[in-house]
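Here's a quick briefing to read alongside the model. Have the coordinates open as you go.

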Amino acid sequence: MKMLRALLAKAARRPLALCDVGDVDGLASAALFKRRYPEGVVVLMAPSEVKKWWVKALTWDFVADLPCPGRARVRADHHLTNKPCAEVEHYDPGAPAAALLAARALGLDGDAVARELVEAAVQTDTANVTDRRVRLLDLAVRYASEAEKHAVVDILAKKGLAAVEEEPLKSLAERGLEKDDLMRRLAEALPGEEKLFIYSPRRLGISYRALTIELEKKGARFVNILVRRGWRTYRLYCGAHRDSGYNCAELAAKLGGGGHKYAAGAVIKASIYDPARPIYTLAELVKPEVVYVLGRCEGLKLPCKEVTMMSRGSREG
Ligand SMILES: [Mn+2]
């Protein structure tokens, strides 16, 4: 329970941090906080959760890679759509990662482990992973539960990237590699067209953000993946090539979300009277020639192609 965790920290007068649960940047920022304050308590959250009443009611000592919870002492962030609010802001939309600003905010510039964590966050946030350990950390984090992520934060704070060779990170990385393989087979099955509109009628348990990046490597300039998460709940993943004129932040904002120009997203809730509406709203905005469906076209009133994946065996054979 996130609220209980925060309240217990307050009662014990321990420093309290709020960090993004979603990626290496958020967890590296959390690990930096724990490195500076080993007695500190971290609450991990998605940007959409920050508006909850109890999050706004508390004063947070440190916030990283997230929008303003209301009351914050120090905040480190690089999201264009997040407005500054803390007593001390380390806010720079031009920074490659929040962890870079977090290290500065926490006075960890000279710390070797901190430097490793910042480097890992920069590599993953800019989709330019060159270090093998960073790649394994990224894959481990991508599919980890919240409890697993807390364990990752603690071990990263103590050992930096060397933690990747140890449990629990070792097993988490192995699981990540398997999911990554499925994502890559999907990317292989999709074309590298300039503008791609992909619809996933159900969650496949892969990283859709990673899929947008993989498709950009194949030549796509503007990738929109709409995932149906429930009867009327959808999640948009938008990816735009850096040198293209496309703007994901703008598109996501129109659908109630936000993010960066080159990577943004939104959670969309349809009316109960028209639960399929978000597919058509997005199609009107993006104007795709065809919708690639990771499943069946059935019932979709748009030009549609079903994506069939090769099995692992047939690719090797
Ligand atoms: Mn970030």
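What follows covers the domains, the cores and some helix packing.

This is a predicted model, where local features need pLDDT of at least 70, side-chain atom pairs count only at pLDDT 80 or more, and totals for chains, interfaces and linings use all residues. Residues are numbered from 1 along each chain as its sequence is written.

**Domains**
- The domain assignment gives domain 1 (2-174) and domain 2 (190-316), with bounds that come from an automatic or database assignment.
- Taken over C-alpha atoms, the centres of domain 1 and domain 2 are 28 Å apart.
- Six residues of domain 1 are in contact with seven residues of domain 2 (contact: C-beta atoms, placed from the backbone, within 7 Å).
- On the domain 1 side, the touching residues are two nonpolar, three polar and one charged (nonpolar: Ala, Val, Leu, Ile, Met, Phe, Trp, Tyr, Cys and Pro; charged: Asp, Glu, Lys and Arg; polar: the others, Gly among them).

**Cores**
- The largest nonpolar core has 59 residues, and A28, L32 and A99 have the most contacts inside it (core: buried Ala, Val, Leu, Ile, Met, Phe, Trp, Tyr and Cys joined through C-beta atoms within 7 Å; buried: 20 or more other C-beta atoms within 10 Å of the residue's own, with 12 or fewer being exposed and anything in between partly exposed, C-beta atoms being placed from the backbone).
- A second, separate core of 39 residues includes L211, L226, A252 and I268.
- Skipping neighbours within four places in sequence, L32 is in contact with A99, A102, A103, L106, L108, A114 and L117.

**Helices α4 and α5**
- Helix α4 (residues 98-105) packs with helix α5 (residues 112-125) at about 155°, axes 7 Å apart (axes: lines fitted to C-alpha atoms over the stretch in contact; angles: 0 to 180 degrees between N-to-C directions; helices: DSSP runs of H or I, at least four residues, numbered from the N terminus).
- That makes α4 roughly antiparallel to α5 (an angle over 145 degrees).
- A99, L100 and A103 of α4 meet A114, L117, V118, A121 and V122 of α5, giving eight nonpolar, no polar and no charged residues.

**Helix α6 and L136**
- Eight of the 11 residues of α6 are buried, so α6 is largely enclosed by the rest of the structure.
- Those buried residues, D138 and R142 among them, pack against α2 (24-36), α5, α7 (146-159) and α8 (169-189).
- L136 sits in α6 (residues 132-142) and counts as buried because it has 21 C-beta neighbours inside 10 Å.
- Not counting residues up to four places away in sequence, L136 touches V164 and A173.
- L136 and E165 are 29 residues apart in sequence, yet 9.3 Å apart in space, C-alpha to C-alpha.

Note on methods
Contact = placed C-beta atoms within 7 Å. Helix = DSSP H or I, 4+ residues; strand = E, 2+ residues; numbered from the N terminus. Parallel < 35°, antiparallel > 145°, perpendicular 65-115°, else oblique.
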